[in-house]
Amino acid sequence: MPTSGGNEKENMKIAILGTGCPKCRQMAEVVRKAVEKSGMDAAISKVEDIREIMKFKVMATPALAIDDEVKISGRVPTVEEVTSLLVP
Amino acid sequence: MAWGLVYQRLSPFAKWATYSLFPLSPGTHLTSALEFFLYEAPKVLMLLTLVVFVVGVVRSFFTPERARGFLAGKKEFAGNGMAALLGTVTPFCSCSAVPLFIGFVTAGVPLGVTFSFLISAPMVNEVALVLLYGLFGWKIAAIYLGMGLAIAIGSGWAIGRMGMERYVEEWVFANAEAGSGVIPEEQKMTWEMRLRLGLDAVRDIVGKVWPYLLAGIAAGAAIHGYVPENFMASVMGADAWWSVPLAVLLGIPLYSNAAGIIPIVQALLGKGAALGTALAFMMSVIGLSLPEMVILRKVLKMRLIATFAGVVGMGILIVGWLFNLVM
């Protein structure tokens, strides 16, 4: 992941991709907890429009993209897993 | 191991519980209904838990990307068969239908083969099969599996033959690299993660399904205890040819998961509906759902959606009729 200037707390862009199914909401909740835990300054956004979702080139939702890079697709991760993705 | 031991002890337990915990004498309807319930309820629940767990772990080895890799450029028929089988084991929820459809079609999976996948994925699933096995026996579960795959293969093949590619929305083909943004997950998953996915599936599915399941078994117990056996084969039976189309039509606007529909199937059978009619109803409810069609409208033009519903509906109809005829 390209990090700019070594500042790890740089504003991360986290996108949750999903059209609003129960699993997408679960994923949003998990990600919210993980961000809270890590104390990071991250902007979480929900991408619900299917055409916007397709720009991430995924084939299954819910999906999680960090700084426009898809990390998880088609399943709900654990808080620990997301935390480890946030703090590499 | 512990699972197997408990499972084997269920029948004596049900007998013991029926006769020692309740002041009932053997041989009455109430007694036999109660014993049926006390035996079947834990049995089916345990079976469901085990199967959902195993399937959850197995599914961690399959991803839509992998399924697409198998299916891209496959010929008709063999491709339809493979798609129907992959549809049963690849993790899929109907909210993922659109990205999956785009990923398949843009990678060169033929339209008909894609439909075989989309038809079998919701219809042929482990919950439906376990419940049918637990409540009606392995023959009916096997029949459902066979019917479901046949409909997915046949309908997908028919849609492919019709050459309806022009009824796919144009914007779909602008996503030429759909699915390429994802690192194949099966390569970086640990066993711990796979087992966790199995447990997640159990919590998710069994947690949601158990009330329906108990309702279904209670309905079964009532029939078991009270309704004479030859009652099944009468009124709404195989002779009424219109019962199958009626069941299919009724099933389309109704939307439910496999577990929700089982109590209704129980009741239908209890009221004497023929097996083909009851299974056709179940397939129509699970396999043909309005919400899924609304979701698919984003990538398919009305004409193709109508064809899809029509072809699958016909498939269910034919199978239901054939089944009533043979039985």
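Predicted model: local features only at pLDDT ≥ 70, side-chain atom pairs only at ≥ 80, totals over all residues.
Q: Okay, the expected span of a helix is 1.5 Å times one less than its number of residues. How far apart are the end C-alpha atoms of helix H8 of chain B?

A: They are 34 Å apart, and the 24 residues of H8(B), 138-161, should span 34 Å, so the two values agree. Helices here are DSSP runs of H or I with at least four residues, strands are runs of E with at least two, and both are numbered from the N terminus.

Q: What's the mean pLDDT of chain A?

A: It's 83, and 88% of the residues of chain A reach 70 or more. (pLDDT is the predictor's confidence in each residue, from 0 to 100.) Residues 1-7 of chain A have a pLDDT below 50, and this stretch has six contacts in the model beyond near neighbours in sequence. A contact means that the C-beta atoms of two residues, placed from the backbone, lie within 7 Å.

Q: How many helices and strands does chain A have?

A: Three helices and four strands. Along the sequence they follow the pattern β-α-β-α-β-β-α.

Q: What order do the strands take in the sheet?

A: The order is E2-E1-E3-E4, in an open sheet with mixed pairing. Strands pair if DSSP finds at least two bridges between them. E2 (42-47) and E4 are the edge strands, each pairing on one side only.

Q: Which way do E3 and E4 of chain A run, parallel or antiparallel?

A: Antiparallel, with four bridges joining E3(A), residues 63-66, to E4(A). Leu64(A) has Ile72(A) as its bridge partner in E4(A), and Ala65(A) has Val70(A) there. On the other strand, Ala65(A) in E3(A) stands opposite Ala15(A). E1(A), residues 12-17, is also antiparallel to E3(A), again with four bridges.

Q: What's going on in the hairpin of E3(A) and E4(A)?

A: There are two residues between the strands, and Asp67(A) takes a positive phi near 50 degrees. Asp68(A), in the loop between E3 and E4, also has a positive phi, about 65 degrees, although it is not a glycine.

Q: Is Asp68(A) buried or exposed?

A: Exposed, because it has 10 C-beta neighbours inside 10 Å. The rule: a residue is buried if 20 or more other C-beta atoms lie within 10 Å of its own, exposed if 12 or fewer, and partly exposed in between, with C-beta atoms placed from the backbone.

Q: New topic: what about Lys57(A)?

A: Lys57(A) is buried, with 21 other C-beta atoms within 10 Å. You'll find Lys57(A) in the loop between H2 and E3 of chain A, and its phi is positive, about 60 degrees, although it is not a glycine. Pro62(A) is found in that loop too, and the peptide bond from Thr61(A) to Pro62(A) is cis, with omega near 0 degrees.

Q: How many residues of chain A are in contact with chain B?

A: 18 residues of chain A are in contact with 22 residues of chain B. On chain A's side, H2 (50-54) and E4 (69-73) are the elements that give two or more residues. H2(A) gives the largest share, four residues. By class, that side has nine nonpolar, five polar and four charged residues. (Ala, Val, Leu, Ile, Met, Phe, Trp, Tyr, Cys and Pro count as nonpolar, Asp, Glu, Lys and Arg as charged, and the others, Gly among them, as polar.)

Q: And how many helices are in chain B?

A: 14 helices and zero strands. Of its 327 residues, 46% count as buried.

Q: Why is helix H5 of chain B said to be largely enclosed?

A: Because ten of the ten residues of H5(B), 97-106, are buried. Among them are Leu100(B), Phe101(B) and Gly103(B). Their cover includes H2 of chain A, together with H3 (64-71), H6 (111-123) and H13 (290-296) of chain B. After H5(B) comes Gly108(B), whose phi is positive, near 90 degrees.

Key. Residues numbered from 1 in each chain as written. Chains lettered and ligands numbered in written order.
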